[in-house]
Amino acid sequence: MDTATQARTPALTSRLPQVGTTIFTVMSALAAEVGAVNLGQGFPDFDCDPELVNAVTRAMQAGHNQYPPMPGVPALRQAMAAKMQSLYGLRCDPNTEITVTAGATQAILTAILAVVHPGDEVIVLEPCYDSYVPNIELAGGKVVRVPLVPGTFRPDFDAIAAAITPRTRALMINSPHNPSGQVWSAEDMQRLDELLAPTDVLLISDEVYEHMVYDGQQHLSAARFPGLAARAFIVSSFGKTYHVTGWKVGTVVAPAPLTAEFRKVHQFNVFTVNTPMQHALAAYMADPAPYLQLSDFYQRKRDLFREGLAQTRFRLLPGQGTYFQCVGIENLAVAERDLPEGEFCQWLTREIGVAAIPLSAFYGNGFDQKVVRFCFAKKDETLKAALDRLARL
Ligand SMILES: Cc1ncc(COP(=O)(O)O)c(C=O)c1O
């Protein structure tokens with residue numbers, strides 16, 4: 001920038017001093033720079049159903065190019081309501097209880113801004129998705145971190161109960177879970193229901209991987225539990241479900257009083273989400289097969305990837321859902337296994353040609369347990385190319 005005119009940019013005090021560029025962006029950039037197979041950031045390297053793209057084109061040609069209603073295109077909200085009822089048994093009113101958002105990321109931020117007052121406590125279960133903590137901080141909330149049990153990543157209900165205080169405004173959960181791939185059981189959800197029942201704690205249930213659950217298990221949405229649904233913002237993402245992470249379209253389902261507050265923030269944040277994609281998604285949802293078949297589609301990739309990893313020295317952790325697989329690095333036959341996870345991932349990307357994400361990136365204190373995360377939402381040939389390289393270790 002030209003400084004000859006003595007123009008001066010005022011100095012800022014950062015509202016998010018701890019935040020840098022996300023690890024996902026850093027690792028994707030490094031993978032591109034060194035030509036590594038990118039199993040780091042969570043996105044498919046294959047295309048979506050061409051029918052979905054055709055549906056967008058048709059929507060644009062039909063003139064759906066201006067602002068839609070603020071809460072979202074009615075047909076899409078109706079399609080979501082029908083899905084919530086048929087899959088999870090939740091009756092919700094598309095007019096007052098469903099809002100279309102610019103992906104799950106905006107949905108979560110908006111829910112937090114809508115309900116968290118300065119000084120309120122919000123419980124997050126670590127490791128957690130990287131936007132949660134900065135979102136709470138932006139709202140002036142106090143982050144209360146409760147670890148999932150190291151090794152199994154199961155919820156520790158005694159620890160969650162101990163963290164709840166009269167100042168607790170909300171608890172954030174995420175099942176199926178990024179990064180661990182763990183899926184909450186019926187017993188987990190029942191215990192959560194019982195724990196929250198006597199409280200006024202709200203639930204933000206991040207369910208973006210709802211259609212990626214393996215080995216015959218079911219996704220236990222908060223929507224299935226009336227006591228939870230009555231206090232929850234249930235967050236979904238079409239990006240994950242339909243292989244279109246770049247479209248950034250999601251939904252929030254919440255009881256009418258919560259949705260009313262949500263929409264107050266939403267209308268002065270994004271106001272509306274792009275129109276032709278919403279029409280296309282509404283039309284595409286008429287056929288439930290694509291989301292009903294998604295678990296089978298990804299289970300085959302998970303199995304291929306796990307079978308390959310089982311031939312290496314990486315230690316396989318359980319993976320029941322999502323498109324992530326975590327592995328321990330402590331048994332590798334290279335000295336770099338002793339590096340901190342983050343440095344190991346840099347080395348793995350540069351020297352071995354496979355990008356991964358360190359689990360320490362999902363903890364506020366950088367907890368290092370010698371575990372890294374791979375994403376298997378990739379073509380079979382991509383996974384095989386990565387496995388060939390990983391077998392060298
Ligand atoms: C747990 C979790 N929540 C939310 C998101 C964000 O979803 P979206 O792309 O719809 O904003 C992601 C994306 O990786 C995620 O893993």
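Student: Which residues in α1 meet which residues in α14?

Tutor: Contact means heavy atoms within 4.5 Å. By that criterion Val26, Met27, Leu30, Ala31, Glu33 and Val34 in α1 meet Cys345, Gln346, Thr349 and Arg350 in α14. The model is predicted: local features need pLDDT of at least 70 and side-chain atom pairs count only at pLDDT 80 or more, while totals for chains, interfaces and linings use all residues. Residues are numbered from 1 along each chain as its sequence is written, and side-chain values use heavy atoms, with hydrogens and water left out.

Student: At what angle do the axes of α1 and α14 cross?

Tutor: Helices (H or I, at least four residues) and strands (E, at least two) are DSSP runs, numbered from the N terminus. Axes are lines fitted to C-alpha atoms, for helices over the stretch in contact, and angles run from 0 to 180 degrees between N-to-C directions. Here the axes of α1, residues 23–34, and α14 cross at roughly 25° and come within 9 Å. That makes α1 roughly parallel to α14 (under 35 degrees is roughly parallel, over 145 roughly antiparallel, 65 to 115 roughly perpendicular, and the rest oblique).

Student: At what angle do α2 and α11 pack?

Tutor: The angle between α2 (residues 50–61) and α11 (residues 275–284) is about 130°, and their axes are 8 Å apart. That makes α2 oblique to α11. On the α2 side, the contact is made by Glu51, Leu52, Ala55, Val56, Ala59 and Met60. On the α11 side, Pro276, Met277, His279, Ala280, Leu281 and Tyr284 take part.

Student: Which residues of α15 are buried?

Tutor: An α-helix has 3.6 residues a turn, so residues three or four places apart point the same way. Buried means under 20% relative accessible area, exposed over 50%, and partly exposed in between (1.4 Å probe, protein chains only). In α15, residues 380–390, the buried residues are Asp380, Thr382, Leu383, Ala386, Leu387 and Leu390. They lie on the same side of α15 because they cover an arc of only 160° around the axis (the arc is that of the directions from the helix axis to the C-beta atoms). Glu381 and Asp388, on the other side of α15, are exposed. The cover over the buried residues of α15 includes β1 (37–38), α13 (294–310), α14 (341–352), β11 (354–355) and β13 (371–375).

Student: And which residues of α7 are buried?

Tutor: In α7, residues 186–196, they are Asp188, Met189, Leu192, Asp193, Leu195 and Leu196. Their arc of only 165° around the axis puts them on the same side of α7. Glu187 and Glu194 are exposed on the other side of α7. The buried residues of α7 pack against α6 (157–163), β5 (168–174), β6 (202–206) and α8 (226–229).

Student: How many residues has the largest nonpolar core?

Tutor: A nonpolar core is a set of buried Ala, Val, Leu, Ile, Met, Phe, Trp, Tyr and Cys residues joined through side-chain atoms within 4.5 Å. The largest has 67 residues, and those with the most contacts inside it are Met172, Phe233, Tyr298, Phe314, Tyr323, Leu348 and Phe374. Helix α4 (residues 103–115) gives the most to this core, with seven residues. A second, separate core of 60 residues includes Ala79, Ala229, Met277 and Leu317.

Student: What does Tyr298 touch?

Tutor: Leaving out residues up to four places away in sequence, Tyr298 touches Pro44, Phe46, Met212, Tyr214, His243, Tyr323, Phe376 and Ala377. Gln299 is in helix α13 and is buried, with a relative accessible area of 18%. With that sequence exclusion, Gln299 touches Tyr214 and Asp215.

Student: Where does Asp215 lie?

Tutor: Asp215 is in the loop between β6 and α8. Its relative accessible area of 48% makes it partly exposed. Phi of Asp215 is near 60°, a positive value in a residue other than glycine. Lys370, also not a glycine, has a positive phi of about 60° and lies in the loop between β12 (357–358) and β13.
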